[in-house]
Structures are given as C-alpha cells and as structure tokens.
Amino acid sequence: MLTFEGVTKSFGTVRAVDNLTLSVPGGQIFGFLGPNGAGKTTSVKLAVGLLLPDSGRVSIGDHDVAREPERSKSLIGYVPDRAFLYPKLTGREHLRFLAAVYQLPGPREERVQKWLDLMQLSEAADSPCDSYSHGMRNKLAWAGALIHDPQVLFLDEPTEGLDPSSARLVKDLLRLLKDRGRTVFLCTHIMELAQALCDRVGIIAKGKLLAEGSLAQLRAMSVAGASSLEDVFLELTGSHPAELSGIVEALVGGDRSERPV
Ligand SMILES: Nc1ncnc2c1ncn2[C@@H]1O[C@H](COP(=O)(O)OP(=O)(O)O)[C@@H](O)[C@H]1O
Ligand SMILES: [Mg+2]
C-alpha cells in the first residue's frame, strides 16, 4: 500500500533520508522509530507530497506521489507533528473546509458533526481554533485527517503532549482503523506505543533504515539477546549510553558528589 524505493533527500550537506527502501502492506500498523533528527518527519513529508525526493520514489497503492499528487493525496490522511490550523476558522469551519477540499459526497454537515462529537469537540465547535488547547488542536487535526476515510494514515509523533484520555483515544482510533483494514504509518520514539500497536517496525537513524520486521524478528536480530523493543532500539541506534552520560555530566556540571546513582 505504501512503498519507498531508494528514496534520498538532502538539506544542504545533511542527508536527512538516505536511500530508504521500505514497503508497508495494506491493513498494517507500521511503526517508524528513530531518535530525534533520524529522518522520520522528512520521510513522512516525502510520502505525503510536501517534499520531493532528490532520487527514488514513493508510491501510495499504484500511484507515484510525485507524478500523481492529487490521486495519491486523495488516499491519505496526515497528522503532522505540529497541527496546522487556520487560527480564525472555527473547528466546524475547519472540517467543512476539508470536506470540501476532498469533495466528499453529502451530507457533509452530518459527517462534520460526527467527527466533532467523536473527538469531544462539540462544545468548542464554533469557537476559533486559536482559542483551542494543544490537545484540542490535535484532536481537530485527527478529525481533519480522517474525515475522508483515507486508506493510509500518516502520524508524526501523535501522542506528543496529549493528556492520558486523548492518548487513549489515539490508541483506540488506531485499533479501529486497523480493524477497518486501513494502513497506518506511525512515527514515534515511544517504544510502548510501538510495542502495543504495531504489526511491524522499522528503525531509522541518521537517515538510514537500520532494521525492519516484526517485533519478534527484531528481537531475534539483537546480538545482545535484547528482550524489549527499547533494548533493540538502543542497541541498533547506539544512542542511549553516550547521550545519557552527557546529560548527567551537564546536570551535575562535573560535580561527582551530586551524580545520581
Ligand atoms: N527543512 C529543513 N532544512 C534543513 N534541514 C532539515 C530540514 N528538515 C529536516 N532537516 C534535517 O534533516 C534531519 C532529519 O530531520 P527530521 O526528518 O525532522 O528527523 P526526525 O523527525 O526523525 O526527528 C535533521 O538533521 C534535520 O536537522
Ligand atoms: Mg520529527
């Protein structure tokens, strides 16, 4: 349903995505894991057509995202890491606008109201988005991404900054989408989320895909016999011990007497 074929994207001298080849079959939740700056957001922007690759191609179903942007965009939903909302539109107007962009068949008003109710936004539906809290903005972004019932949903760090009930809603929605045979590409650095929801995961660092497979396959790849996804992630990306000691160093400013045990 989603394929990256030898996709490379650089910003100046930084290779944000380096020869990425990956396919996600329909009906799966795919977890895309990597430390900050690994290239996750850039990969998603390439897949949703916000960036064009320097080389390689991304396809949604049989459609090349660069060559058939409208066709491929009609099949996807996208919840970015920072929700983009027009500040002066109300939540209801935002969803009406998207329903029009996607040329949804009627009755649109009912569909808009259904998503406002589902996301517990009915009370704020007629207030402008710039009065919304972070969690409300995020829920509206979800509603906008799902209103046209997309085949593939791209989520960039979807539970970041959400309260527990919104985070729970996100998890429930993901399970629901999977039950409906939809495909989800989920970028996260939260291992529990990946472990709880994903059929398969890919681990990316410095633009390169380091490993890809089911959770069981990834565990089997671990040379140290890691039992959790977190251990496999840390082993493959090799980031944790150095980063942590650097943070401790900075926190205690070299004063070893205050170093936490
Ligand atoms: N628009 C941009 N201009 C310049 N560099 C960028 C831009 N977007 C991303 N990068 C760089 O590309 C690399 C990958 O970034 P990103 O895809 O945002 O990583 P992640 O989402 O995994 O944290 C980083 O080194 C980042 O600084
Ligand atoms: Mg990112």
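Okay, let's start with strands 4 and 5: they pair in the antiparallel sense over two bridges, with strand 5 covering residues 63-64. Keep in mind that this is a predicted model. Within that pairing, H63 in strand 5 is the bridge partner of I60. The two strands make a hairpin with two residues between them, and G61 in the turn has a positive phi of about 60°.

Now the other partner of strand 4. Strand 1, residues 2-11, pairs with strand 4, residues 55-60, and that's antiparallel too, over five bridges.

On to the ligand. Which residues are around ligand 1? You've got F11, V14, A16 and G34, then N36, G37, A38, G39, K40, T41 and T42. By type, the shell has four nonpolar residues, six polar and one charged. Strand 2 (14-24) and helix 1 (40-47) each supply at least two residues of it, and helix 1 gives the most, with three.

Last stop, the largest nonpolar core. There are 69 residues in it, and A47, F154, V184, F185 and L186 touch the most other members. Helix 5, residues 134-146, gives the most to this core, with seven residues. And why does the core lie between domain 1 and domain 2? Because domain 1 (2-213) and domain 2 (218-261) both give residues to it.

Leaving aside neighbours within four places in sequence, L186 is in contact with I29, F30, G31 and F32, plus L155 and C198. That's my tour, thanks, folks.

Technical notes:
Residues numbered from 1 in each chain as written. Chains lettered and ligands numbered in written order. Predicted model: local features only at pLDDT ≥ 70, side-chain atom pairs only at ≥ 80, totals over all residues. Pairing = 2+ DSSP bridges. Helix = DSSP H or I, 4+ residues; strand = E, 2+ residues; numbered from the N terminus. Near = placed C-beta within 6 Å. Nonpolar A, V, L, I, M, F, W, Y, C, P; charged D, E, K, R; others polar. Core = buried A, V, L, I, M, F, W, Y, C linked by C-beta atoms within 7 Å. Buried ≥ 20, exposed ≤ 12 C-beta atoms within 10 Å, placed from the backbone. Domains from an automatic or database assignment. Contact = placed C-beta atoms within 7 Å.
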